[in-house]
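Me: I have not looked at this structure before, and I would like to go through it slowly with a few questions. Could you take me through it step by step?

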Amino acid sequence: MSVNIKDFKVGQEVYIQQEEENSVECKKYVVVKVGRKFVYVCPKEYADNSNYEYMWISFKKPNYTELYLEENCAYGRKRILFPTQSQKNEFIEERELKMWLSHIVLNELRRGKYTLDQLRKVKKILTSVDDGRNEKV
């Protein structure tokens, strides 16, 4: 599920989310320009008029992930850009599952809620993952 600048085309409807936001609502924007380093998007109602270039938001490929493009800004929370709603939903689901698993590890395991056999099965599943994404099980 790698995202590249080349995945975007002018006129394409794209989806933006605040990086820390957990809602499943999509904010829809339209790609107005695709460059070598940046993808520019704006609200659909301003996409056809070049007088509204101040409404354009630029996104770049971050160095630390290939799952999305990141807003090109110097401070504050950066918004993230997905070419399709399904990729955005998969990203949200993965993040929620990671938070759930960290809750289990931090809270439930300390209470001794799981048996040794259950923990061995979990270890077997998690260690059989190939390259961090594709399950062999």
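Me: Which strands does helix α1 lie across, and at about what angle does it run to β1?

Reply: This is a predicted model, and what follows is computed from it. Helix α1 covers residues 85-108 and lies across β1, which spans 13-18, and across β6. Relative to β1, helix α1 runs at about 25°.

Me: What do the strands β1-β2-β3-β4-β5-β6 form, and how much does the twist average from one strand to the next?

Reply: The 6 strands, with antiparallel pairing, run in the order β1-β2-β3-β4-β5-β6 and form a closed barrel. From one strand to the next, the twist averages 40°.

Me: Which residue in β5 is the bridge partner of phenylalanine 59?

Reply: Phenylalanine 59 belongs to β4, where it is the bridge partner of valine 39, and β4 pairs with strand β3 (residues 39-42) in the antiparallel sense over 3 bridges. The strands β4 and β5 also run antiparallel, joined by 2 bridges. In β5, the bridge partner of phenylalanine 59 is glutamate 71.

Me: Is threonine 65 buried or exposed?

Reply: Threonine 65 sits in the loop between β4 (57-60) and β5 (69-71), and a polar atom of its side chain lies 3.2 Å from the backbone nitrogen of leucine 67. Its relative accessibility is 15%, and the cut-off for this class is under 20%. Because of that value of 15%, threonine 65 counts as buried.

Note on methods:
Residues are numbered from 1 along each chain as its sequence is written. This is a predicted model: local features need pLDDT of at least 70, side-chain atom pairs count only at pLDDT 80 or more; totals for chains, interfaces and linings use all residues. Side-chain values use heavy atoms; hydrogens and water are left out. Helices (H or I, at least four residues) and strands (E, at least two) are DSSP runs, numbered from the N terminus. Buried means under 20% relative accessible area, exposed over 50%, partly exposed in between (1.4 Å probe, protein chains only). A polar contact is a pair of N or O atoms within 3.5 Å; within protein, one must be able to donate a hydrogen and the other to accept it, and residues adjacent in sequence count only if both atoms are side-chain atoms. Two strands pair if DSSP finds at least two bridges between them. Axes are lines fitted to C-alpha atoms, for helices over the stretch in contact, and angles run from 0 to 180 degrees between N-to-C directions. Contact means heavy atoms within 4.5 Å.
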